[in-house]
Amino acid sequence: MNDTYEGKVCVVTGAGSGIGRALSLALAARGAALAISDIKPDALAETQALIDGKPSNRLRADALDVSDAAAVERYAPLVRESLGPADYVFNVAGLARIGAFKETPLSSIEKVMNVNYWGVVRMSKAFLPQLIETKGGLINISSVFGLIAVPGQSHYCSSKFAVRGFSEAIAAELEEEGVRVTSVHPGGVATNIARNAVVDALPPGAGSAADVAANFDKIAITSAEAAAEVILKGAAKGKRRIIVGPDARLISFLQRLFPASYPKLLKVLRKDSLNPTK
């Protein structure tokens, strides 16, 4: 497994923290050539510093906002020019907002969709010619909230359901082209996404934003490093769906077994499930 990604050109968005950083470090340790990006230059620089000394000796790091269509369009040819055509694209970049739909402004929903969904679509479109050339893999990070919907997360769930639907549709389309498309659904992973989430309006009973983050910390039972290993193993096998974490596997099972009534079964966990799970 260690040499599966050796010498491969791997593109990782959201590489400044969390799963994106963990994937970048794991790929570097496997000898991949890396194109890492993040909207936060300082966080990206930290990841770059951590990669120094790993077997990978080809690395480019770029500040990139995946909600900027023109920037993404410019980015793909730059990666090809400096590293060669991409073998794997890991679409990790994302953000979270919390809020009951009634009180959430449309601008917040649009922002989440523009990053979490359109960012994935833009990156996929920009790198698709390269992936067709290399018969590569496209790995899109959805969420366990792309499998189930919960109160207070209408915008986040919408974006992650959209990533799942998009990924499954193009997986069927691109199979004959030799491109493997994977939809990834992590459960509670110990990252900062919940702590950094913007709160538009907390639903009744949710407590404060600090309470939401603290609750997420309690249920984030999978480390980012462990999540990265699961993702890399599944992507190397060309799996169409990867479920990350025992909590996500349980939720996936309940959703499939009780597609209409799972909200009642999960009601006891509702306060905790207000947190995003990527």
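**Sheet, helix packing and cores in a predicted model**

Valine 11 has valine 89 in strand 4 as its bridge partner. The model is predicted. Strand 1 and strand 4 (residues 88-91) are joined by 3 bridges and run in the parallel sense. Helix 4 packs on the sheet, where strand 1, strand 4 and strand 6 are touched by this helix, and the direction of helix 4 makes about 180 degrees with that of strand 4. Helix 8 also packs on the sheet, in contact with strand 7 (180-186) and strand 11; the angle between the directions of helix 8 and strand 11 is about 120 degrees.

The sheet is open and consists of 7 strands in the order 3-2-1-4-6-7-11, with parallel pairing. Strand 3 and strand 11 (241-244) form the edges, each pairing on one side only. From one strand to the next, the twist averages 15 degrees.

The largest nonpolar core comprises 30 residues, of which Val11, Tyr75, Val79, Val89, Met123 and Phe127 touch the most other members. At least two residues of this core come from each of strand 1 (9-12), strand 2, helix 3 (69-83), helix 4 and helix 5 (154-174). The contribution of helix 4 is the greatest, at 7 residues. Apart from this core lies another of 29 residues, including Ala28, Ala32, Phe90 and Ile141. In soluble globular proteins, nonpolar side chains tend to be buried together. When residues up to four places away in sequence are not counted, valine 79 is in contact with Val9, Val11, Ala35, Arg60, Gly84 and Phe127.

Helix 1 takes part in two helix pairs described here. The axes of helix 1 (residues 18-29) and helix 2 (residues 41-51) approach within 10 Å and cross at roughly 25 degrees. Helix 1 is therefore roughly parallel to helix 2, and their crossing is right-handed. In this pair, Arg21, Ser24, Leu25 and Ala28 of helix 1 meet Ala43, Glu46, Thr47, Leu50 and Ile51 of helix 2. Helix 1 and helix 7 (residues 224-236) have axes that come within 8 Å and cross at roughly 60 degrees; this crossing is right-handed. On the helix 1 side, the residues involved are Gly18, Ile19, Ala22, Leu23, Ala26 and Leu27, which meet Ala224, Glu225, Ala227, Ala228, Glu229, Ile231 and Leu232 of helix 7.

Two further residues were examined individually. Serine 252 is located in helix 8 (residues 246-257). With a relative accessible area of 6%, serine 252 is buried. Its contacts, leaving aside neighbours within four places in sequence, are Leu147 and Ile243. Lysine 135 is placed in the loop between helix 4 (106-134) and strand 6 (137-141). Although lysine 135 is not a glycine, its phi is positive, at about 55 degrees. Lysine 135 counts as partly exposed because its relative accessibility is 45%.

How values were computed
Residues are numbered from 1 along each chain as its sequence is written. This is a predicted model: local features need pLDDT of at least 70, side-chain atom pairs count only at pLDDT 80 or more; totals for chains, interfaces and linings use all residues. Side-chain values use heavy atoms; hydrogens and water are left out. Helices (H or I, at least four residues) and strands (E, at least two) are DSSP runs, numbered from the N terminus. Buried means under 20% relative accessible area, exposed over 50%, partly exposed in between (1.4 Å probe, protein chains only). Contact means heavy atoms within 4.5 Å. A nonpolar core is a set of buried Ala, Val, Leu, Ile, Met, Phe, Trp, Tyr and Cys residues joined through side-chain atoms within 4.5 Å. Axes are lines fitted to C-alpha atoms, for helices over the stretch in contact, and angles run from 0 to 180 degrees between N-to-C directions. Angles under 35 degrees count as roughly parallel, over 145 as roughly antiparallel, 65 to 115 as roughly perpendicular and the rest as oblique. A crossing is left-handed if the near helix is turned anticlockwise from the far one by less than a right angle, and right-handed if clockwise. Two strands pair if DSSP finds at least two bridges between them.
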